[in-house]
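Please walk me through this structure, one part at a time.

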Amino acid sequence: MLETVPRQNLLTLSGVGKSFGGVAAVSDLDLCVPTGSVTGLMGPNGAGKTTLINLISGMFRADRGTILLDAMPIQHLPSHEIAAAGIVRTYQNVRLFSGMTVLEQVMAGCFLRRGTSLFASFLGLPKARAAKLRTEAEARVLLERVGIADRADVLAETLSYGEQRRVEIARALGARPRLLLLDEPTAGMNAQESERIGQLVHELRDAGLTVVMVEHNVRLVKDFCDNVAVVNFGRMLVQGTAAHCIAHPDVQEAYFGRSRDAERVKAVG
Amino acid sequence: MEALADFWAAYQSTLGFVVVNAFFALSAYAALSTGVLSFATVAYAAFGGFIGAQLVLQTGIDPLLALPAAGLAGAGLAYAVGLLFLRLEGHWMALASLALVLITRVVVLNAATLTGGVNGLSVPYEVSLGALVVLLLIAMFAFHRLSVSWYGIASRAVREDPAVAASLGMVPRRVQTIAFVISGAVGGIGGMLLALTLQFLAPDTFFINIAFTMIAAVVLGGSYHWVGAVIGAAVFTALPVVMQALVPAIQDVANGAALLLIMIFVPRGLFDPRALALRRTPVAKAAGGPHA
């Protein structure tokens, strides 16, 4: 018998719940994200995927349950402390800073690693200057990595939607996170662009990053996600490999409705 | 040549007020650059102005040496105001700061030992126009250094989207508190300079009129770059004077009309770095996704 060594989980959610008014957006949800993996988060619209990302990144505070990063509980931390702990995210509807160039957006992402005090930076001390040049160079490398280095000095809002998504990923990578949360990174992209994002995610994983991505494209999930978690009505439907999850009858039902056969079986049974 | 000398004599004082108003506009800009609309500059100016003036009156030191004290007084008050007010949401913050302006006047009227109460405070000291201009240049240089420092990117991020800024590890409240301290220092120095320019501080010197002038200057000049505050202060201060010389009939409405025209046709103000950047990349403008 094969004895599989249990892999370390970077992120562990247990019993997490969040309600808005009387509506439970997420309830009693468990999720494990193994270190160094790509976890795909699937589920129909309104299933609670983005709420889940908001809870993990500290934008919302969970009503119930615990969220552990390694062994550290983070469910009570404000979002800037969660960022400092190593979790950075992107947004379903791109949220770049208006009026900033592409390079400046990514440098804003490098804020946590600015490596110089405000005072030194204000005075333009040599150390602060060197630190700024260093982050600028790093920001350009990140833009190279997501494939938009040539647009570094234009206003980000003039880029196409797909390009803006890549700027957001570069901005998030600027913080050098341990866990990257991507909320529908390929929305509005064509097949070729989506494929590139998938490959980028694999490169990042191979470099040691753990990724959670909300993704609707089943083929992309199959190709690029090591694990899949499917949520529906704020609950965890099923968690496992992509093939296992997609074939699961509950998932089929959530996405495509109940099959005629199932109806008949139910009627007869 | 003589005409030029006359012109200079007539408009020298206007230039002095341009500098003073530029300090107030920069103070308003400092808060606005992190997304906070605050009228509290009036309170910082009053505190800095009276403290600085009293320091000069009591000790007889050079007024320019008392300026740092005025700046510190303004900064200290602004820090306290920031701690109390920055927990309020956007428009409540603005209203609270307006209430502070009203309170300032009552305090000025009643704290007679510091302010001279209803009689006002005579400050028989002069500051040369040259010194005023040099001081403004120093303030502008400081704002330039801030804008190219880490604080520049952080303040813009916090202004545009505080939630996203926080998710990148910035602490919006902390960035805004720094902005308030800067606003207070510049406002306090502005208050002292106003005292030296007027040579008299009345209970109504630091009141709604300053709040109106500085916000109008920032709206006129543009609130997305410190240069806009200085340009706005210059235009807003000089326009009535120029109009009085050219078309006296419309002197009183010149500023109002200018504000309306700016708000309708260039809502981001006369100096807009974003518009300049867009002009640099005309080709890319056609792009932009479904949300752009």
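**A walk through the predicted model**

Strand β4 (residues 64-69) of chain A pairs with β5(A) in the antiparallel sense, over two bridges. At one of the positions along β5(A), A:P73 is the bridge partner of A:L68. The model is a predicted one.

This pair belongs to an open sheet of four strands in chain A, with the order β2-β1-β4-β5 and antiparallel pairing. The edges of that sheet are β2 (23-34) and β5 (72-73) of chain A; each has a single partner strand, so one side of each is left without a neighbour in the sheet.

Chain A also holds an open sheet of six strands, in the order β6-β7-β8-β3-β9-β10, and here the pairing is mixed. In general, the strands of a sheet pair through backbone hydrogen bonds, either parallel or antiparallel. At the edges of the six-stranded sheet stand β6 and β10 (235-240) of chain A, each with a single partner strand, so one side of each has no neighbour in the sheet. From one strand to the next, the twist averages 20°.

β6(A) is joined by three bridges to strand β7 (residues 179-183) of chain A, and the two run parallel. Within this pair, A:V88 has A:L180 of β7(A) as its bridge partner. Next, β7(A) is joined to β8(A) by five bridges, and these strands also run parallel. There, A:L181 has A:V212 of β8(A) as its bridge partner.

A:V38 stands opposite A:V211 in β8(A), and A:G40 has A:M213 of β8(A) as its bridge partner. β3(A) is in turn joined to β9(A) by four bridges, and the two run parallel. In this pair, A:T39 stands opposite A:N227 in β9(A).

How many of the residues of β8(A) are buried? Five of the five are, so β8(A) is largely enclosed by the rest of the structure. In a regular strand, side chains alternate between the two faces of the sheet. Both faces of β8(A) are covered: A:T210, A:V212 and A:V214 are buried on one side, and A:V211 and A:M213 are buried on the other. β3(A) is mostly covered too, with five of its five residues buried. From β3(A), A:V38, A:G40 and A:M42 point one way, while A:T39 and A:L41 point the other way, and all are buried.

Now consider two helices of chain A that cross each other. The axes of α3(A) and α6(A) come within 6 Å and cross at roughly 35°. The crossing in which α3(A) passes α6(A) is right-handed. On the α3(A) side, A:V102, A:Q105, A:V106, A:A108 and A:G109 meet A:V167, A:A170, A:R171, A:A172 and A:G174 in α6(A). Sorted by class, the contact of α3(A) with α6(A) has six nonpolar, three polar and one charged residues.

Helix α1 (residues 2-32) of chain B and helix α10 (residues 208-221) of chain B have axes that come within 8 Å and cross at roughly 70°. That angle makes α1(B) roughly perpendicular to α10(B). The contact involves B:N21, B:F24, B:A25, B:S27, B:A28, B:Y29 and B:L32 of α1(B), together with B:I210, B:T213, B:M214, B:I215, B:A217 and B:V218 of α10(B). By class, the contact of α1(B) with α10(B) has ten nonpolar, three polar and no charged residues. The crossing of α1(B) past α10(B) is right-handed.

The last topic is where the chains touch. The contact takes 39 residues from chain A and 33 residues from chain B. On the side of chain A that touches chain B, the elements that give two or more residues are α2 (79-85), β6 (87-89), α3 (102-109), α4 (118-123) and α6 (161-174) of chain A. By class, this side of chain A has 19 nonpolar, 15 polar and five charged residues.

Note on methods:
Residues numbered from 1 in each chain as written. Chains lettered and ligands numbered in written order. Predicted model: local features only at pLDDT ≥ 70, side-chain atom pairs only at ≥ 80, totals over all residues. Axes fitted to C-alpha atoms, helices over the stretch in contact; angles between N-to-C directions. Parallel < 35°, antiparallel > 145°, perpendicular 65-115°, else oblique. Left-handed = near helix turned anticlockwise from the far one by under 90°. Contact = placed C-beta atoms within 7 Å. Nonpolar A, V, L, I, M, F, W, Y, C, P; charged D, E, K, R; others polar. Pairing = 2+ DSSP bridges. Buried ≥ 20, exposed ≤ 12 C-beta atoms within 10 Å, placed from the backbone.
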